[in-house]
Amino acid sequence: MCGRYVSTRSPQDLTRLFHVTDWRPAETLAPSWNVAPTDEVYAVLQRAPRHGGDAPVRRELRALRWGMVPSWAKDPKIGSRMINARVETVHEKPAYRRAFARHRCLLPADGFYEWQPVENERTGRTRKQPYFIHPADGQVMALAGLYEYWRNQEIENDDDPAAWLMTCTIITTEATDAAGRIHPRMPLALTPDHYDAWLDPRHEDADGLRALLTQPADGHLDARPVSMAVNNTRNNGPQLLEEVTS
């Protein structure tokens, strides 16, 4: 599971790192050290031209709401329960199948949080200790994700931006490396050599796409215990990443 992560890179950095050609300054997001479900997050995605033809696809940096709302959903509140999709079943689950075939994205992250039960030897009570898990080399993680459009039927005009909601979910896998010592699941990060194939909207072969998701991105992960202040979504700032005595 991935329920919180860190995203502090500037849009200028992200457009360079992911070779983005289309970015909307109006969608600039503030850095966040405590990204939580239903927050707006940066997503890198590619869309084919609306009218087809030979026009090249556009690689965009967009602000999407975390928590995917399927196009058929009656109520967008369902998104708060769909922040993660398991890699083992994402290609076949009705909620994700269409997005897996057509609407894939990358969600840039500095790292993510997981919680480990810790028992107090004196009292016998158990608490959940948060850990910040991140690439040891400090590089950005490109979390494999899906996105979807949801149409608000209460708004008549299709061209009204308020008529459409764009949301996303993070694909998770079995945890490895430092993450595996803390929690059995982790977000699945792609290596740069797989970005193009994953983002290509014309690539709809399920087996080929699943082959890109066989293991997390190369590179070692570090984990350190951090303050329980991260448990409160209202808390934010770089101090959340400071190591504490677990």
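In the predicted model described here, Asp22 forms a salt bridge with Arg58, the closest N and O atoms being 3.5 Å apart, where a salt bridge is defined as a side-chain nitrogen of Lys or Arg within 4 Å of a carboxyl oxygen of Asp or Glu. Because Asp22 lies in strand S2 and Arg58 in strand S5 (residues 58-66), the pair ties together parts that are 36 residues apart in sequence; helices (H or I, at least four residues) and strands (E, at least two) are DSSP runs, numbered from the N terminus. Asp22 is partly exposed, with a relative accessible area of 21%, and Arg58 likewise counts as partly exposed, at 35% relative accessibility. For these terms, buried means under 20% relative accessible area, exposed means over 50%, and partly exposed lies in between, as computed with a 1.4 Å probe on protein chains only.

As this is a predicted model, local features need pLDDT of at least 70 and side-chain atom pairs count only at pLDDT 80 or more, whereas totals for chains, interfaces and linings use all residues. Residues are numbered from 1 along each chain as its sequence is written, and side-chain values use heavy atoms, with hydrogens and water left out.

The structure holds 13 salt bridges, and a network of them links Asp22, Arg24, Glu27, Arg47, Arg58, Glu60 and Arg62. Arg185 is buried, with a relative accessible area of 9%, while Glu88 counts as partly exposed at 30%.

The largest nonpolar core has 35 residues, of which Phe18, Leu106, Leu146, Trp198 and Leu213 touch the most other members; such a core is a set of buried Ala, Val, Leu, Ile, Met, Phe, Trp, Tyr and Cys residues joined through side-chain atoms within 4.5 Å. S4, S5, H2, strand S10 (141-151) and helix H4 (195-199) each supply at least two residues of this core, and S10 gives the most, with four residues. Apart from this core lies another, of 28 residues, among them Ala43, Phe112, Ala175 and Met186.

Strand S10 also contains Glu148, which is buried, with a relative accessible area of 3%. The side chain of Glu148 is joined to that of Arg98 by a polar contact of 2.7 Å and to that of His103 by a polar contact of 3.1 Å. A polar contact is a pair of N or O atoms within 3.5 Å; within protein, one must be able to donate a hydrogen and the other to accept it, and residues adjacent in sequence count only if both atoms are side-chain atoms. When neighbours within four places in sequence are left aside, Glu148 is in contact (heavy atoms within 4.5 Å) with residues including Met68, Pro70, Ala99, Leu165 and Thr167.

Most residues other than glycine have a negative phi. His19, although not a glycine, has a positive phi of about 55 degrees, and His19 is exposed, with a relative accessible area of 60%.
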